[in-house]
Amino acid sequence: MTHAVENPLHHPEVHQASLPGYVASFVITIGIMTAALWLTEKGSLSAQSLVGWTSLLALIAILIQAYWLLHMNWSKAQVWHTVAMVLFIPLFVVMIGLTMWMFHGLYQRTAITMPSGMRTAPAMHAATGGVATTTKEAAKAA
Amino acid sequence: MSASTNTRAQPGSTVLWEKGDAAGHDMLGTRTFGFWLYMLTDAMVYAALFAAFGVLAHNAGLTSKSMLASVFDAQAAYRDTIVLFTSVLAYGYAMVALKKGSRGGVAIGTAVAMILGLVFLAMVGSDLERLFSQGIVPQLNGFLSIVFTLIIYHALHIIVGALWMLVMLMQMGRDGFTSNVVYRLINLRIFWHFQAVIWVLLFVFVYLQGKII
């Protein structure tokens with residue numbers, strides 16, 4: 001980010017563009033999304049495995065997009081963008097994770113009467129090992 | 001650590017930065033970095049919405065199974081994915097043309113990206129219309145509210161992006177590749193490509209994982 005140039009087209013950020021990179025990102029992420037859809041539609045995985053595998057595929061797709069689309073790299077032109085992104089990711093994950101964890105605890109401790117068929121969030125469902133996802137299942141288990 | 005950083009700054013005598021168009025000041029880099037920080041802030045709004053989705057999924061049982069199956073139509077969302085990613089690829093082509101200084105290439109790439117963005121909006125819009133006609137509306141319960149909010153909030157970004165592309169096509173035709181036009185095209189690249197990243201989260205964590213709620 002510390003390059004002074006006269007012609008804006010010579011700026012390093014303009015020169016980050018790469019057709020092979022964009023095409024590779026497109027092909028690979030479409031492939032990953034197809035795989036995630038196939039896993040979901042196949043329906044042979046447990047809820048816990050499905051959440052785990054599709055989340056892993058999403059993570060890989062995002063890393064690929066971050067590198068080829070958003071140009072997250074350690075070049076002089078992009079280093080501070082990358083640093084900001086790296087520092088941002090924990091905030092993003094903590095915000096979602098902590099909120100869900102707090103409310104999951106709240107629901108359990110306050111023993112709110114749940115309507116029939118009420119379920120937990122997919123990620124929480126996976127975290128609890130797929131135990132008693134619905135009140136019906138809980139009653140059946142009892 | 002260099003000697004200069006160990007030296008104590010003298011108020012009133014130490015030059016911290018030059019005012020105006022100082023040599024070495026990178027206008028493009030500063031503006032794109034500022035916009036990148038804005039996009040990360042926007043992503044925190046998404047974080048809040050995804051957190052609410054995770055929390056309100058607890059109430060998903062208030063929605064019937066058939067309604068949930070209609071909302072989480074993974075096949076339709078997959079078609080949206082292909083259109084949006086193709087639009088992102090088209091804007092990538094525009095950025096490659098910018099690198100080569102080809103005004104025609106940038107215009108074609110931007111126009112194709114904009115049209116595909118509009119196609120994406122039409123597909124999402126028709127999907128929402130289908131749900132509304134079945135009586136599946138955000139007012140039914142908190143869970144549906146957050147699902148619709150996530151989908152519509154992302155669609156609003158696509159509307160903004162499509163409008164921005166239209167404005168850039170006009171500015172480029174009028175001014176050519178001036179500094180202002182170039183940094184706005186780069187910022188649009190950051191904005192548009194970021195929507196693809198957010199869509200991966202929406203597709204996987206809402207549409208696909210929503211099917212197992």
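Student: How do you know that the span of α5(B) agrees with its 31 residues?

Tutor: Keep in mind that this is a predicted model. At 1.5 Å a residue, α5(B) should span 45 Å, and its end C-alpha atoms are 44 Å apart, so the two values agree.

Student: What about α3(A), how far does that helix reach?

Tutor: α3(A) covers residues 79–110, which is 32 residues. From first C-alpha to last, α3(A) reaches 47 Å, close to the expected 46 Å.

Student: Back to chain B. Why is α5(B) called roughly antiparallel to α6(B)?

Tutor: Look at the angle. α5(B) (residues 103–133) and α6(B) (residues 142–175) pack at about 155°, with their axes 9 Å apart. Angles over 145 degrees count as roughly antiparallel, so that is the label for this pair. α5(B) also passes α6(B) in a left-handed crossing.

Student: Which residues make that contact?

Tutor: On the α5(B) side they include Val106(B), Met114(B), Gly117(B) and Phe120(B), and on the α6(B) side they include Ile151(B), Ala155(B), Met165(B) and Leu169(B). By class, the contact has 19 nonpolar, three polar and one charged residues.

Student: Which residues of α5(B) are buried?

Tutor: Among them are Val106(B), Gly109(B), Thr110(B), Met114(B), Phe120(B) and Leu131(B). The cover over the buried residues of α5(B) includes α3, α4, α6 and α7 of chain B. And just after α5(B), Gly135(B) takes a positive phi of about 85°.

Student: What makes His71(A) count as buried?

Tutor: The cut-off for buried is 20 or more other C-beta atoms within 10 Å. His71(A) has 21 such neighbours inside 10 Å, so His71(A) counts as buried. His71(A) is in the loop between α2 and α3 of chain A. In α3(A), the buried residues are His81(A), Ile96(A) and Met100(A).

Student: What is the phi of His71(A) near?

Tutor: The phi of His71(A) is near 55°, a positive value in a residue other than glycine. Most residues other than glycine have a negative phi.

Student: Now the two chains together. Why is α1(A) called roughly antiparallel to α4(B)?

Tutor: α1(A) (residues 19–42) packs against α4(B) at about 175°, with the axes 9 Å apart. With the cut-off at over 145 degrees, α1(A) is therefore roughly antiparallel to α4(B). Tyr22(A), Phe26(A) and Met33(A) are among the α1(A) residues in the contact, and Tyr78(B), Phe85(B) and Leu89(B) are among those of α4(B). The residues of this contact divide into 14 nonpolar, four polar and one charged.

Student: How many residues do the chains bring into contact overall?

Tutor: 56 residues of chain B are in contact with 57 residues of chain A. On the chain B side, α2, α4 and α7 each give two or more residues, and α2(B) has the largest share with 15 residues. That side divides into 39 nonpolar, 14 polar and three charged residues.

Conventions: Residues numbered from 1 in each chain as written. Chains lettered and ligands numbered in written order. Predicted model: local features only at pLDDT ≥ 70, side-chain atom pairs only at ≥ 80, totals over all residues. Helix = DSSP H or I, 4+ residues; strand = E, 2+ residues; numbered from the N terminus. Expected span 1.5 Å × (residues − 1). Buried ≥ 20, exposed ≤ 12 C-beta atoms within 10 Å, placed from the backbone. Contact = placed C-beta atoms within 7 Å. Nonpolar A, V, L, I, M, F, W, Y, C, P; charged D, E, K, R; others polar. Axes fitted to C-alpha atoms, helices over the stretch in contact; angles between N-to-C directions. Parallel < 35°, antiparallel > 145°, perpendicular 65-115°, else oblique. Left-handed = near helix turned anticlockwise from the far one by under 90°.
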